Structures are given as C-alpha cells and as structure tokens.
Amino acid sequence: MRAITAPNRDAGVAGLTLTDLPYPHAAENDVVVRVHAAGFTRGELDWPATWSDRAGRDRTPSVPGHEVSGVVAQLGFGTTGLTVGQRVFGPTDWARDGSLAEYVAVEARNLAPLPADVDHTVAAALPISGLTAWQGLFDHARLTSGQTVLIHGAAGAVGSIAVQLALEAGACVIGSGRSADRDTVRALGAHTFLDLEAGRLEDAGEVDVVFDVIGGDVLDRSAALVRPGGTLVTIAQPPTVRPKDGRALFFVVEPDRARLTDLVQRVRDGRLDVRVGAVRPLTEAVAAFAPEKRVSGRTIIRVAEE
C-alpha cells in the first residue's frame, strides 16, 4: 500500500515521503480501515509517540495522521461491534502508524459508525477536534448554561467547534484570535471577539472557564481572568500559572465512540459546522504539512473515493 512515512525525527517535515509499505496487521480487537479521508496535525512530528511505540521502542519509519474516515476492510481476532464494509470514522492510535495511508490498523473502540449522508472529508476533520472541544468544555471544565467561557484560538479546528458547543449549551462565549479571525469567530456566533493582536487580553474581564489551545504567555495571563471556582483548561502544555481560587489542568484527548456518534449526529442535524478548508490527494500530503500560506479550515487528505 502507499503511505506517507517519516523516517527520522531530525528530518522533520523535510523527511516526509510517499512510499510503499506492507499491508497493516490487524491485532486482537483491531480493525483495518480502507482510508477514504485522513486528518493530521501539523505539530504531530514533535510528539514523542510519533517516533516510538507504547513500550518506548523506536518504530520509524512511522506514518503520521491520527484522524480517519473510511470503510472496514478486515476485523482482528475478537473484534466486535463493527462489520466488514461498514463506514467508520475516529481517531487512530497515537503510538501506531496513522491514517496518511491507503490502509490503517486501529483499535475498534476508537471508531464510530459513519452515516451514509456524511462525507468522508467532513468526518475526517471531526474526531480529534470534536472530542477535544467536548472533553475540554464539559468533562474537564464542567461548563454549564449561563456561564461565561473564553475560548482562545476560536477560529481554529478545536476552537471553532468549542464555540458552537458552548453556545448550544447556553454559555456566553468570548472567542479570541488574530485580527484576521474576527469575521470567522463572529460568524460562528460568539458574543464577543477578543483581538489578541490589537487588544488587551485583560479586556475579556472575569470568566468562569478559559479554554486554551495556544499556550505560552496567553495561557499564563489567562489564569488571572478566571473567577473563584472557575477552571482554566488547556491542550497546549501543562499550566505553570493557576487561578487564585480555581482549577488549572492540561489534558490529552481520549477516544469515545458514544461521543463521536453524538457529534456526527449534530453535523447531520445542522447544529455543528465542521470547517474543512483544502482537500488534497495523498500525493500532496507532504506539501500540506508545510503550506505556503495560511489555510482557513482544516486541510484534509483524500485517499480514496467512495
């Protein structure tokens, strides 16, 4: 099969290449998915799990990409709940070869059924961003109706979904971003846009929840905005500054089949818009990791047609 491979950590994006690899092995409780569309995170070449397996052993050349939408091609021993030929989507395993390939082996529990009326390119943009947004807002920050949430990076993949979910939950939403993101964030429905280039972070005032995807100075300064009893939650890095009378936590998204099913139903109902920007073939996946200009919306790799 054809796949994008990363031969060594030092080479980074420059080392990515389209090559031939053996068909993946379906371990116990696995499925092999014929990939129709794949999502990736540009920073994943910096993740330790990209280069080693769960036991810490080198696994190069590795295949990047950790979101998949496709069709079940094979079941591993003991796999239940899915069938060959079924449309599925979900996150792939962090410490195994990913989805920028014609086939990928994935733990079955990661995947949810994909309705026939949802395109694979949309489904491939949903798993990590959607689960991260939900888990950050509700599982970790415990956001409820009537509270105020500040969402950093509100025009991005995670942030744009977080804005929509928070609004539907009845929260007052402040979305932050670059000046160029203003129209996008307001179109998503955020009550207020906070310009991180032209404005002051402190202008946001006190909030019940800060959901951060940026890290660094923005993360540190956000701690002072959290009301007593509130929560600062981030996916960027473990926080070093904490709210005076609140919680601060860092988390990594977890697979959740039931939540994926709920999120894709929201897409079908028109309650959740997944922002897909460019759709490029597998032969252009290397270039997509290092785009010449900023792309609005997720870049998704189309691997096979329906």
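This is a short tour of the structure, stop by stop, with what to select at each one.

The model is predicted: local features need pLDDT of at least 70 and side-chain atom pairs count only at pLDDT 80 or more, while totals for chains, interfaces and linings use all residues. Residues are numbered from 1 along each chain as its sequence is written, and side-chain values use heavy atoms, with hydrogens and water left out.

**Stop 1: the parallel sheet**

Select the strands β10, β9, β8, β11, β12 and β13. In that order these 6 strands form an open sheet with parallel pairing. Helices (H or I, at least four residues) and strands (E, at least two) are DSSP runs, numbered from the N terminus; two strands pair if DSSP finds at least two bridges between them. At the edges stand β10 (192–195) and β13 (247–250), each with a single partner strand, so one side of each has no neighbour in the sheet. On average, neighbouring strands are turned by 15° against each other, direction ignored.

Now pick β11 (residues 207–212) and β12 (residues 226–234), which pair in the parallel sense over 5 bridges. V209 has T231 in β12 as its bridge partner.

Axes are lines fitted to C-alpha atoms, for helices over the stretch in contact, and angles run from 0 to 180 degrees between N-to-C directions. Contact means heavy atoms within 4.5 Å. Helix α3 (residues 157–168) also packs on the sheet, touching β8, β9 (172–177) and β11; the direction of α3 makes about 170° with that of β8.

**Stop 2: the cores**

Select L126, L137, V149 and I151. These residues have the most contacts inside the largest nonpolar core, which has 46 residues. A nonpolar core is a set of buried Ala, Val, Leu, Ile, Met, Phe, Trp, Tyr and Cys residues joined through side-chain atoms within 4.5 Å. Buried means under 20% relative accessible area, exposed over 50%, and partly exposed in between (1.4 Å probe, protein chains only). Among the elements that give two or more residues to this core are α2, β8, α3 and α6 (257–269).

Centre on L126. Leaving aside neighbours within four places in sequence, the contacts of L126 include E67, F89, I161, L263 and V274. A second, separate core of 29 residues includes V33, W51, L111 and V303.

**Stop 3: strand β3**

Select residues 30–39. Of the 10 residues of strand β3, 9 are buried, so the strand is largely enclosed by the rest of the structure. β3 pairs in the antiparallel sense with β4 (residues 67–75) over 8 bridges and with β6 (residues 103–107) over 5 bridges. R34 is bridged to Y103 in β6. A further 3 bridges join β3 to β15 (residues 298–302), also antiparallel, and G39 has I300 as its bridge partner there.

Which residue of β4 is the bridge partner of V31? It is L75. L75 is partly exposed, with a relative accessible area of 31%. Leaving aside neighbours within four places in sequence, L75 is in contact with A26, D30, V31, L82 and V84.
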